[in-house]
Amino acid sequence: MTQTYFDGATAQPPHPAAKDAYAAALSEGWAGPGRLYTLGRRSRMLLEAARQSVAASLGVAPDEVTFTSSGSHAVQAGSLGVIAARSAAGAFVYGAVEHSAVLHAAQWHQRQDGTAVEVPVDRVGRVDADPLAGIDGAAVLAVQSANHEVGTRQPIAAIAANLGGVPLVCDAAASLPWEPVPEGWSVLAASARKWGGLSGCGILVVRKGTRWRNPFPGEDSSLQEAIGEVDVPAAVAAAASLRAVVAEREDLSKRVRVLTERIREHIAETVPDVELPGDPVDRLPHIVTFSCLGVDGEVLLTELNRAGFAVSSGSACASTRLRPSHVLQAMGVLSHGNVRISLHRETTEEEVERFLEVLPGIVADIRRMSGA
């Protein structure tokens, strides 16, 4: 049975541009880019070309772009590096629905005798436009551009206007493949696999004028040297696929939003006792999350998998530990029996209709077997 992939928010299928670029770069860019011999210089040229391409796609300067080993690495290094560059101690402030990588960075900061403050969200998962109100001594604020589980957009531009000079670290992994990131951030982090690049490559952008210092053991002469060696072919693939995605994302976002609207409407009409968390309008176009009362999320995923659909449940970064989603808990909504459907560029209307045809029956069968 052919499986339909509905987990594009974790990783999109490799973009054709990424495949072609990786294959070409693998033969020329495998040597260490820091070496002076010819092979090293070739790798260095490819890496610099990739950096310039990413900068053009994001509208930033090439020397503001650094490749990392993942999106998690990027957001952690970005957040903790801003704090490390301060001459005085300060609080790590972050939204309650941030990716677990941010939560882990905040916990690490606390273990180093630092202070961390979690900013609450409303019922759709959005932080207040003035999140630092009542918080003294903030060193950095970490707020994602949009939530990776429910799709709710954050008011980045409004938040930036209220920061009073506090650097804003924006995790744009969820939104970057689908829409431009609002202005006002100081540090941007993203993951290449979210737009059809390859795993093992993230992007960290530190704007000029933002102080940054390596918070981990290692070099500190420049951000690139502090991050260390990168996978050059993966960086080239990330740059090529990002360029292609930026060129097509407006049309793709419109097409995919039609599909997710269809999913939301059908689930609400055909599945009893269901909750669809997140902002119904001001959200990313490709994510639909729903929670079914009286249904175990793991069982629902297993049955959907048997029916030929690959979806995720709860927090993608914590699903293997079978813990309820910290995002949904922070929002105060139903966190059990949760499924996230996230579409991608290859999703078809036929795949969506097939999913909607089998879902109500699967949920009903699970409830009947469990006596719910």
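Helices here are DSSP runs of H or I with at least four residues, strands are E runs with at least two, and both are numbered from the N terminus. I use those labels throughout. The model is predicted.

**Entry 1: the whole chain**

I began with the element count. The protein chain holds 10 helices and 12 strands. Next I looked up the radius of gyration. It is 21 Å, close to the 21 Å of the globule rule for 372 residues, so the chain is as compact as a globular protein of that length. I then took the extents of the C-alpha trace. Along the principal axes they are about 65 × 50 × 35 Å.

How much of the chain is buried? I find that buried residues make up 54% of the 372.

The surface came next. The chain exposes about 15800 Å², and 51% of that comes from carbon and sulfur atoms.

**Entry 2: cysteines**

I searched for disulfides. A pair of cysteine sulfur atoms has to lie within 2.5 Å to count. By this rule the count is 0. I followed up on cysteine 201.

Is cysteine 201 buried or exposed? I read a relative accessible area of 3%, so cysteine 201 is buried. I looked up cysteine 292 as well. It is buried because its relative accessible area is 1%.

**Entry 3: alanine 142**

I went to strand β5, residues 138-142, where alanine 142 is found. Its relative accessibility is 1%, so I log it as buried. Which residues does alanine 142 touch, leaving out those up to four places away in sequence? I list Ser79, Phe92, Val93, Tyr94, Gly95, Glu98, Val102 and Val169. I took one of these, serine 79, for a distance check. Serine 79 and alanine 142 are 63 residues apart in sequence, and their C-alpha atoms are 7.1 Å apart in space.

**Entry 4: threonine 66**

I moved to strand β2, residues 65-68, which contains threonine 66. At 2% relative accessibility, threonine 66 is buried too. Threonine 66 touches Gly202, Ile203, Leu204, Leu223, Gln224 and Ile227.

**Entry 5: proline 215**

Where does proline 215 lie? I place it in the loop between β8 (202-206) and α6 (223-227). Proline 215 touches Ala77, Leu80, Gly81, Ala84 and Trp108. I also ran a distance to leucine 204. Leucine 204 is 11 residues from proline 215 in sequence and 14 Å from it in space, C-alpha to C-alpha.

**Entry 6: arginine 35**

I looked at the loop between α1 (16-28) and α2 (38-58), the place of arginine 35. Arginine 35 is exposed, at 52% relative accessible area. What does arginine 35 touch, not counting residues up to four places away in sequence? I get Gly40 and Arg41.

Most residues other than glycine have a negative phi.

Aspartate 113 has a phi near 70°, a positive value in a residue other than glycine. I find aspartate 113 in the loop between α4 (100-111) and β4 (115-119). Its relative accessible area is 75%, so I log it as exposed.

Aspartate 273 is not a glycine, yet its phi is positive, about 50°. Its place is the loop between α7 (232-270) and β9 (274-275). At 54% relative accessibility, aspartate 273 counts as exposed.

**Entry 7: after α10**

I finished at glycine 371. It sits in the segment after α10 (349-370). Glycine 371 is exposed, with 65% relative accessibility. How far apart in space are glycine 371 and glycine 294? I read 8.7 Å, C-alpha to C-alpha, across 77 residues in sequence.

Note on methods. Residues numbered from 1 in each chain as written. Predicted model: local features only at pLDDT ≥ 70, side-chain atom pairs only at ≥ 80, totals over all residues. Heavy atoms only, no water. Buried < 20%, exposed > 50% of the residue type's maximum accessible area, 1.4 Å probe, protein only. Rg over C-alpha atoms; globule rule 2.2 N^0.38 Å. Areas by Shrake-Rupley, 256 points an atom, 1.4 Å probe, with all protein chains shown as cover. Contact = heavy atoms within 4.5 Å.
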